[in-house]
Amino acid sequence: MAKSHDGIHILQGLLVFGNVVIGMCGIALTAECIFFVSDPHGLYPLLEATENDDIYAAAWIGIFVGFALFALSIIGIVGVIKSNKTLLLVYIILMLITYAFEMASCITAATHRDFLTPNLFLKQMLERYQKSETENNNDKWMTEGVTKTWDKLMLQKQCCGVRGPSDWQEYTSAFRVTHKDADFPWPHNCCVMDARGSPVNLDGCKLGVPGYYNSNGCYDAISGPMNTHAWGVAWFGFAILCWTFCVLLGTMFYWSRIEY
Amino acid sequence: MCSRWVVLAFCCLGQLCADQSLKPQTVAPQLATNNPTLTTIAIEKPFCMFDSSLRPNKSYVIYLYAMKESASVISSLVTDNNNKPLNSTFQQTSGGQLGPYKAASFNVPNCASPPKLADVGDVNKVSDILKQYLFRVGDDATCLYDPNFLAVCNPPLAPDTTYRFKYVLVDSTEGIMKDQTLWSDPIKTRRVKLPLKIDTWPGRRSGDMIVITSILSVLMFLLLAGLLASVSSAVMGSEDSSGETRGMSQTIQQSEPRPQLSSE
């Protein structure tokens, strides 16, 4: 009798501890996903224009799942301490639903990260950057987003093109339609700028003299934050789900053994 | 015998070397990495190429002629019968298709003190160095459409086309050609690809995605199985115990907060 009481207490203690961890992880997940959704690097317009912004959808789901995990963990703690069978059943079912949503979020983030290749951004940059004739409001919105983002990116990260400035020379583009190659072999934001925001030496930049133009590509500056975003959502969610799996199994076992 | 052939070989090599330096060259790729572009080609100015023909107390000017390589079968003459350099323009020769056109005219570069290319990193000197050292054919995108433009027009070249260039030394008072270089080697402008052709297919699935998906699917299945098992065992357990409690209703305490797990 004493042993089974000890066993019960140990199991209760473990479940309470498990739920406390779930609650804290839920808050951490919410905070992390809010951080990603707030787009600190300003790269969302690029994703929006590719019409493949599902890593943001995964982060949005993560915000709500985090809250749900926190609330459910409190229910779980109360249910385990009071050994209330109804409460625990509610807890288990709602937890399973939350589990399913979080699973969807993780898989979405991991899968859609794979679509963000250099070629995707290259094609989008060539087709949308400084496009002069837009077909409808949606096109106009996306074009403005892409143009502003690229201008900011090239200035702040001192880079040019996706793989390098030669992207502008190898491919024709919407930019090339309105800007002649003789004056703009690449956008002027690719040039090294002085303190006032104008190129240090425009001829040197146009000729490609080292030191007067940005010779590295912007892909690292784009993929770095996006990788952090996708992997942060996917792998942290995965870790939470592995822990929640154990706690849920323990709760189910506990629930099945409660006598009224 | 052998020594005579060797001397002859060296002489030929010397001639070749001398001839090589009498052609316009493109700028060194270390200096101008973006050359040739779609519509421009940057070539070195003729340093020390005409020194043997320069006479003191006379003023000279250098003309640059450009033509498409296909025009060499039609005409590659840059002077008329009186040895005067032609005044052909870009429009007259259809962009160098019918013959050479005059693309530039500038002073003879200073052979004695050429620009120091090592100083190109200095922001204050780079403009002058570039101006003295090279000439960018195709630099002026507006002169063709400007009716007030009176100087030598240097409009952008055609993409994916081979061009050849020649420098001509002209005596500015007499207006007669004094010397000329050979036609340069053919230089081709860039060719562009369409962005439609870029393949955006991501390729294979990454390892992360496969791990996450497979493990989470298995865990979800195990959870659902666990739920079924616990519900069914709870249902079966309640059927058994409902049979027992009829007999033991006096001993069970309802309000006891501590749970009583069924003994295995």
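A residue counts as exposed when its relative accessible area is over 50%. In this predicted model, R196(A) has a relative accessibility of 76% and is therefore exposed. Its salt-bridge partner is D194(A), with the closest N and O atoms 3.9 Å apart. D194(A) is partly exposed, at 27% relative accessibility. Over all chains, the structure holds 14 salt bridges.

The contact between the two chains involves 60 residues from chain A and 62 residues from chain B. About 5600 Å² is buried between chain B and chain A, and carbon and sulfur atoms give 67% of this area. One salt bridge is found across the interface; it joins the side chains of E170(A) and K193(B) at 3.9 Å, N to O. On the side of chain B that touches chain A, helix 2 (126-133), strand 4 (134-137) and helix 3 (207-248) of chain B each supply at least two residues. Helix 3 of chain B gives the largest share, 20 residues. By type, the residues on this side of chain B are 32 nonpolar, 19 polar and eleven charged.

Within chain B, K58(B) takes part in salt bridges with D171(B) at 3.8 Å and with E174(B) at 3.4 Å. K58(B) lies in the loop between strand 1 and strand 2 and E174(B) in the loop between strand 5 and strand 6, so this pair ties together parts 116 residues apart in sequence. E174(B) is partly exposed at 37%, as is K58(B) at 40%, whereas D171(B) is buried at 0%. Shared partners join K58(B), D171(B), E174(B) and K178(B) into one salt-bridge network.

Terms used: Residues numbered from 1 in each chain as written. Chains lettered and ligands numbered in written order. Predicted model: local features only at pLDDT ≥ 70, side-chain atom pairs only at ≥ 80, totals over all residues. Heavy atoms only, no water. Contact = heavy atoms within 4.5 Å. Buried area = accessible area lost by both parts, 1.4 Å probe. Salt bridge = Lys/Arg side-chain N within 4 Å of Asp/Glu carboxyl O. Helix = DSSP H or I, 4+ residues; strand = E, 2+ residues; numbered from the N terminus. Nonpolar A, V, L, I, M, F, W, Y, C, P; charged D, E, K, R; others polar. Buried < 20%, exposed > 50% of the residue type's maximum accessible area, 1.4 Å probe, protein only.
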